[in-house]
Amino acid sequence: MAVLTAYLSFNHPETIYGFIGAGAYTPSMMLLVLLASNLIRLVKRPGKQIFLFAALTGGMAIGANETGLVVANVLVFSVMTYMFLKSHPARMTLLSLFLVLTVFSLAAFLAPGNGFRDATKEFQHEKEFFFALGKSISRFSLNSVYWVPITALTSLLTLEYARRRELVLKPVLASISPFLMVVVFLGCCVLSYFPNAWARGVVNTAFRTVDVVQFIFTTGFICCFLHYFLGRASKERQDDIVFGDTFRYVLIGVFLCTLYASTKAKTHVTDLVRKAPAYDKDMMARYQQVAAASKTDTIVVLALRQIPVTIHFDDIYPDVGNWRNINVPTYFHKKAVRLKEPNRYIEALYGMEPLEKQDDK
Amino acid sequence: MSTSQTKGAFRKVLDFAGDHFIVLVAIAVIAPLIAISAYIHPVSDDYAFANYFRGLNFKDFFIKMYTELGGRFFTFLFVTLLPMPLDTNMMPLTADDLLMYRIAPILFLAGLALSLHHLAGSLFQKVSQEQR
């Protein structure tokens, strides 16, 4: 269900479809989920195999991107601290895990390429701790207002489904305070914005980073919601949460109306049926044109007739000197390539300096 | 089939849809995102990585990425260990040439779904006999 919520609100296609972008961001989400899952199993039954899985998924999440680094550390540190306060038998295993992840974090943090990448650029308020923290809180507050309604609705539906399936929380989790769960969840969400705010000051957070935060938010929200309502292990308490048929159908009706009203859901279908096939044809024609062109000419390609926004997020630019225009001709062993006229959608998406303002991190 | 049998079958379908509503909606929402993968094309960063990778072996590529692009060591390993969607000797001129590139998002989504399933398995269990 978290998949549904996440992909309903995804605001940019690059997190799934651009191979390199997706290779950095989607595995990060996957690995954070697996880390959380392995942490629960490790607390329940500390063992070498689970420890290895947790260390591996945590290490990979840290090496996937900066958001993965921050969230993996916050998660493990919070669970470890809580288990130390509770004198839980798994506390030393968790300390070992935290130390292993610290080594991975140092490998990511001290990479020479971190300094090399932005060496020529300066950003206002970069590397200012309190500015970065304030920006992270304000970004999260603004975005969460947009995410909360559909996530809350989905959480209710999931709870109803879980009750009908007679699901309850595992005993190891039932004793954890819901308040603590919410604090860790909110901490993970806010701090997910921190690497970008720290490294790039006032520059906007990249869309794909926001997508990762949104995924963490929806998954965490649903988990906290279910933890609160399913967490009371006593039979009496379970019986308190009963959904009548009328309430269930009203819930389903509201959910369907929300989906119908969602422009994103409609756009996905329109793009699939109408725009994507035309886009595919145009792109294939471009490849033919570029392959057939002389190695010494500047190739001028035509604008795309249809823009399927679900999958399209970057293009060739009219300016032959734009650094992003270099990659395509280099790949095809040609001199240069440019677009005949600007791609208005890309310009509107990124502003006059495409992707300079919405760059990585 | 008699009217009552038709009504019974219709009722069963309705009950099944009601019982599995959220699963059906999830499939309906995700399906277009999977299907549209058949039309995706490489973008700037994909070409950039293919160009970086050209002429380098795995070790040299990894060192170059780590020293020039940053600390995302798992991402560099990951994109290198997978068959490169943009092979350095391949030109994307037909849909077949782009097959690997177009399968990748489906694998990412499937991985995400499996990881969430794993998490659900760690969080929940069926009500025990004692709790009943």
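In this predicted model, ring pairs tie a set of chain A aromatics together into one cluster. The members are Phe140(A), Trp147(A), Phe185(A), Phe217(A), Phe221(A), Phe225(A), Tyr228(A) and Phe229(A).

Taking all chains together, the tally is 22 aromatic pairs. One of them is the pair of Phe104(A) and Phe73(B), which comes out as stacked, with 6.1 Å from centre to centre and 25° between the planes. That angle sits under the 30 degrees used for stacking. This pair goes across chains: Phe104(A) belongs to helix 5 of chain A (residues 91–109), while Phe73(B) belongs to helix 5 of chain B (residues 73–81). As for solvent, Phe104(A) has a relative accessible area of 27%, so it is partly exposed. Phe73(B), on the other hand, is down at 11% and therefore counts as buried.

Chain B also has a pair of its own, made by Phe49(B) and Tyr52(B). Here the ring centres are 6.3 Å apart and the planes meet at 75°, which means the pair is edge-to-face; the cut-off for that label is over 60 degrees.

Key: Residues numbered from 1 in each chain as written. Chains lettered and ligands numbered in written order. Predicted model: local features only at pLDDT ≥ 70, side-chain atom pairs only at ≥ 80, totals over all residues. Heavy atoms only, no water. Phe/Tyr/Trp six-rings, centres within 6.5 Å; stacked < 30°, edge-to-face > 60°. Helix = DSSP H or I, 4+ residues; strand = E, 2+ residues; numbered from the N terminus. Buried < 20%, exposed > 50% of the residue type's maximum accessible area, 1.4 Å probe, protein only.
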